[in-house]
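Here is a short report on how the inside of one protein chain is put together. Please keep the sequence and the 3D view at hand while reading.

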Amino acid sequence: QVQLVEAGGGLVQAGSSLRLSCTASRSISTYVMAWFRQAPGQEREFVAALGWSGGTARYGDSVKGRFTISRDNVKRTLYLQMDSLKPEDAAVYYCAVDGQEYSLVVRTRPTDMDYWGKGTLVTVSS
């Protein structure tokens, strides 16, 4: 098993930026990793995912062009750079790991993920 700890959430003004991080308790270099978010009363939503090689990224339609996912396998850390934040981006953001090693597919469904962090809260004021 792997433990995931998110950090970097906070209260920001619309139009500003935040960078979230997710640090794993063991090596995650061979796994697809992803970010999801969930706002009150809403279903968990796919945000971004990154292949184990670091070369293939997927983004949810609502964040394309504004968010960037990256990883540092030496630091065992996944990042989410969020720019031009909107009030509708406010949510708890969760880091997740797809447990299939060396996957050639970057999956984007919550049910595809095997490990989850506890989340970090992002609040965006207008």
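## The disulfide and the cores

C22 is buried, since its relative accessible area is 0% and buried means under 20%. This value, like the others in this report, was computed from a predicted model. The partner of C22 is C95, to which a disulfide joins it with an S to S distance of 2.0 Å, and C95 is likewise buried, with a relative accessible area of 0%.

| Cysteine | Strand | Relative accessible area |
|---|---|---|
| C22 | β3 | 0% |
| C95 | β9 | 0% |

A search of the whole structure finds one disulfide. Because C22 belongs to strand β3 and C95 to strand β9, the pair ties together parts of the chain that are 73 residues apart in sequence. The torsion about the S-S bond of C22 and C95 is about -70°, and the disulfide is therefore left-handed.

In soluble globular proteins, nonpolar side chains tend to be buried together. Here the largest nonpolar core has 27 residues, and those with the most contacts inside it are W35, L80, M82 and Y93. Two or more residues of this core come from each of the elements β3 (18-24), β4 (33-38), β5 (45-50), β7 (67-72), β8 (77-82), β9 (91-97) and β11 (120-125). Apart from this core lies another, of eight residues, including V32, A96, V106 and M113.

Which residues is M82 in contact with, leaving aside its neighbours within four places in sequence? They are S16, S17, L18, L20, R66, F67, Y93 and V122.

Key. Residues are numbered from 1 along each chain as its sequence is written. This is a predicted model: local features need pLDDT of at least 70, side-chain atom pairs count only at pLDDT 80 or more; totals for chains, interfaces and linings use all residues. Side-chain values use heavy atoms; hydrogens and water are left out. A nonpolar core is a set of buried Ala, Val, Leu, Ile, Met, Phe, Trp, Tyr and Cys residues joined through side-chain atoms within 4.5 Å. Buried means under 20% relative accessible area, exposed over 50%, partly exposed in between (1.4 Å probe, protein chains only). Helices (H or I, at least four residues) and strands (E, at least two) are DSSP runs, numbered from the N terminus. Contact means heavy atoms within 4.5 Å. A disulfide is a pair of cysteine sulfur atoms within 2.5 Å.
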